Amino acid sequence: MTSLSQQADATETPAAGKGRNLGAMRELALLAMIAVLIAAMSFASPYFLSVANFEAMIVGLVPTAIIVVGMTILLVSGSFDLSVGSTLALSSTIVAILLLTGYPIPVAILGALLVGVLVGLCNGLIVTLLRVNPLIATLGTMSVARGVALVLTEGFSMTNLPAGFSVFGKLELLGLPLMVWITLAIIVLGDIALRRTRFLRQAYFIGGNEKAAALSGIAVNRVRVACFVISGVLSAVAGVLLASRLMSGTPTAGNAMELQVLAAAVIGGASLRGGEGTIFGAALGVIFVALISNAMTMLAISIYWQMIVTGLVLVIAVAIDMLTRRNS
């Protein structure tokens, strides 16, 4: 039986090299599009290049940037998670309830993170053991998680949280909020883990060819469940940071966030068919989507049109991915 290391060496083929080159070219193209968009908006709106606008945009994209790390790992492994927005809402609600009940801040945060682990574990077990399609499985947990958050709060935001909890959302280091530094650390660590660690690199094998990965000795179900748990935990982290910034647990937070996250990951080079994608590219996708949203806001375009544009961007990105794969 071929070992994993031998399998890894086996992927160093001209085709694999072509895939890496294609991914690098897409990341460079995305960087160029971001630069062009910034240049165009600097002429279109006098407020676009202001410090206040960039601060608001960076802080606003923190939850999406954190969740896209887990979503990209899942996409690479050939799965995806539609429950990320609901997990964010449930986690922010749980941390608020625990704080208002009197639990210390570390215990409340740990409780919220355990919610993320539980949701991710449920998703992973439903997909791997029950063989339920990820679309149906995560659609179901999306509804359950959102429903639990609404039941626990009766639809109201949980406010009057302890002042010390605001440290993650309000404290600044070197001119940037702490939550931004946490986000950058998660992106860097996620990118290194997906590119370099043996465990997560198996996700590329599984996403590329699940049957071949199983025959080569990879524990497909274990890796796939771990990917879902990572997605759940990162969604919970985003929920805790959002609750700290807003100083409230909001059961309706993260509504339709899964579309934004999927769009950013696919724009950044992750494939819905699995086996391709990087955290760095997905992070660029988040910035690109945030810039488009910010540009439309600056140009006073309706929020409804922003939803239409986000959907169209996702469809175009998927179509480009399909055409690129077909041509290669």
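V127 is buried (under 20% relative accessible area, with a 1.4 Å probe and protein chains only), because its relative accessible area is 7%. V127 belongs to helix α6, residues 105-128; helices here are DSSP runs of H or I with at least four residues, numbered from the N terminus. The C-alpha atoms of V127 and N221 are 8.9 Å apart, while 94 residues separate the two along the chain.

This is a predicted model, where local features need pLDDT of at least 70, side-chain atom pairs need 80 or more, and totals for chains, interfaces and linings use all residues. Residues are numbered from 1 along each chain, and side-chain values use heavy atoms, without hydrogens and water.

## The second largest pocket

Let's turn to the open space. The second largest pocket holds about 720 Å³, and 26 residues line it. Those nearest its centre are Q260, S293, I303, Q306 and T310. Two or more lining residues come from each of α3 (51-60), α4 (62-76), α12 (220-246), α13 (257-267), α14 (279-298) and α15 (303-327). The largest share, six residues, is from α14.

A pocket is an open set of points on a 1 Å grid over the protein atoms alone, where a 1.4 Å probe fits, with protein on both sides within 12 Å along at least five of seven lines; lining residues have an atom within 4 Å of a point. The volume is the space filled by probe spheres set on the points.

## An exposed tryptophan

W305 sits in helix α15. W305 counts as exposed because its relative accessibility is 53%, and the cut-off for exposed is over 50%.
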